[in-house]
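I opened my notebook to work through this one from helix packing to strands to the chain contact. Here is what I looked up, in the order I went.

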Amino acid sequence: MNFLNSIATGIREIWSHKFRSILTMLGVILGVASLLSTFALTDGMAKGSREMMTTMGGVERVNIVPQEVPQDQVMLVDTSPGRTVADAEIIRRSATQVTHVTPVYEQPCTLTKGGVLFRSQLSGVWPDFVPINNHVIAHGRNISQIDLDEARRVCVIGTKVIEQLWPDTPKIKPLGETIIVNNRPFVVVGIFEHYESDDDKIAREYGRKPAAFTTRRNRYFNPYDRKNGTVIIPFDTAFYEFRSASMAGVVDQGPIYKVDGLTFKAADPANLQPAMDQVSSLLLQTHRGVEDFTLDTRQDWAESIEKNARNIKLSGGLIASISLIVGGIGITNIMLASITERIREIGIRRAVGARRKHIFLQIIVESTVIGLIGGILGLGAAFGMIELLEYISEGANPPVVELSSAVLSFLFALIIGMLSGVYPAWSASRITPIEALRYG
Amino acid sequence: MALIELSEVTKRYRVGQQEIDALRGINLTIEEGEYVSIIGPSGSGKSTLMHLLGCLDTPTSGSVKIDGADISNASDDELADMRNQKIGFVFQSFNLLSKLTVLENVELPMMYAGITSKVRKERAKAAIERVGLGDRINNTPLQLSGGQMQRVAVARSLVNNPRLIFADEPTGNLDSTTGANVLALFKELNQQGSTIILVTHDSEIAANTPRRIEIRDGLVVTPKKNS
């Protein structure tokens, strides 16, 4: 008996019990659907993270972030001032491998103009902030050294801020206008370029509304949207105007201020490591030897995105695959029952010369075909489920179906179908023809 | 050489704690081309003997030679191949697969013999025509009468050109007229050269065969020729 015959026999058997087969398959269908939608959900999250990273600059951007001090330095921790503006100063003066550096003061802000209100994030920075974060000034100018020295109340704003504060005049370029930032008047001296994804750009150029505003997806987190909401002011201004809100540390540190962020850009992405070594040794001086900081590169971030994506996908897949395994147990159950029902048929086949392996193969093929059809229908069900997920989930990244995930889910269903037939097939093949024929 | 040779064959069963000697030393020879009936009341060991001759089981001791092959220590797969190649079965309850058509039922032994689809169909059709059911090949067994079903079973038993055809109470579920027809079919097949063994408890039916072997309490009583 060749393999094709076995498959034909299996399909015929399934077809002759349509309703029962559908019920049996339902477990696999739902299992595949939940597995693939979990994959789609996690893939969507990973895609969102990657997109965000690319809009926020290249790998040559490095953040200096605080970390727990090593065990042997715990008693020294108070001798280090932490990340201060002096760190930025020493990097600017002494790190030859670094082209740009900026301290960052961050605070939520409320912007108002003529009774219109918009909430965003305020960044007090040095002019280097703009090249470090791949910002482009479309109109006006960047903040300057004189703005810093005199702590002028000037700001550079993104297109979304303009859109929100001047809702009635869409094409306004509000250079020289005064806006109120956290109750203090600031003059707009520069406007950033409008950042958008390639898809949206194409859509806009062809006169359509960008996809983000025509579909329900506009509720999802959009990294471009966030970048367009940027408001920057001179670092020193931020401190003179707002410092009481963020003075940190128990010791009065006089005019050397702690910063919320410290970012630099290496001269050459290929020489990132020497630049980082240089910065590390400089900072160890200002931190008095205490290793309470670490350099966080985009590379690390990129790796951690991939790692997290993989981990979430794996654990989500593991949980979702439980339902597929339950489906497999359902198949085993039904197959065992159907063997008791078909013991006579097995006896007849054995009497006319079927070997044990033929019976084994016949049952395995049957359960595999159930897995196969269930897998195919399950992929269909998954697409329905993903549509539903897109519709009901708010503020998340839209699910993305990757081919590899679909293939993986389908193969898993097939394997589950095959495995779930092993025990029934084995017990069917152990039935001796005499007892099977006596049964009738 | 004889087609079937049994020497000192015993078969012991365990039923719970009890051991039952179903066969207690059978010696038997059946030649090629014979038409034999095995007769005995229920519990005589007749069914056990049939299982051994039909390669459905192996003996506890003694040797069973069928067409020169000793099956006493044969593996399960070897027994299956013997049944497939050398033996055809006709059962009391027909034992056809009700989901398959007449043609597919007759094809079944050839499928396990690994014969290609085209040859299978030709040979199955020829066998069905031989038993006189050429117009019913696409019916399912449930659409046939008892006599027709038994003819399909006979066709199935013939289709691999076995050395031996085994009929276990073939007329048991049939009325006397159709039963007589089936017996006539066996007679005809025997005259065309097939070796046929008929297992029955009915001495009237056994009277149809030239030779009868009577089994009682696990032993052959008198191998005698019907006159």
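**Ground rules.** For axes I take lines fitted to C-alpha atoms, for helices over the stretch in contact, with angles running from 0 to 180 degrees between N-to-C directions. The model is predicted: local features need pLDDT of at least 70, side-chain atom pairs count only at pLDDT 80 or more, and totals for chains, interfaces and linings use all residues. Residues are numbered from 1 along each chain as its sequence is written, while chains are lettered from A and ligands numbered from 1 in the order in which they are written.

**Entry 1, chain A overall.** I find 17 helices and 10 strands in chain A; these are DSSP runs numbered from the N terminus, helices being H or I with at least four residues and strands E with at least two. Of the 440 residues in chain A, 40% are buried (20 or more other C-beta atoms within 10 Å of the residue's own, C-beta atoms being placed from the backbone). Among chain A contacts with a separation of 6 or more, 84% join residues 24 or more positions apart (a contact means C-beta atoms, placed from the backbone, within 7 Å).

How do the axes of helix 3 and helix 11 of chain A cross? Helix 3 (residues 85–94) and helix 11 (residues 272–286) of chain A have axes that come within 10 Å and cross at roughly 135 degrees. The two helices are therefore oblique to each other, since angles under 35 degrees count as roughly parallel, over 145 as roughly antiparallel, 65 to 115 as roughly perpendicular and the rest as oblique. From helix 3 of chain A, Ala86(A), Asp87(A), Ile90(A), Ile91(A) and Ser94(A) meet Val279(A), Leu282(A), Leu283(A) and Thr286(A) of helix 11 of chain A.

Strand 5 pairs (at least two DSSP bridges) with strand 7 (residues 184–192) of chain A, in the parallel sense over four bridges. Val154(A) stands opposite Val187(A) there. With strand 8 (residues 231–234) of chain A, strand 5 pairs in the antiparallel sense over two bridges, and Ile157(A) faces Val231(A).

The contact takes 21 residues from chain B and 18 residues from chain A. Helix 2 (76–86) and helix 3 (102–112) of chain B each supply at least two residues of the chain B side. Helix 2 of chain B gives the most to that side, with six residues.

Definitions and conventions: Buried ≥ 20, exposed ≤ 12 C-beta atoms within 10 Å, placed from the backbone. Contact = placed C-beta atoms within 7 Å.
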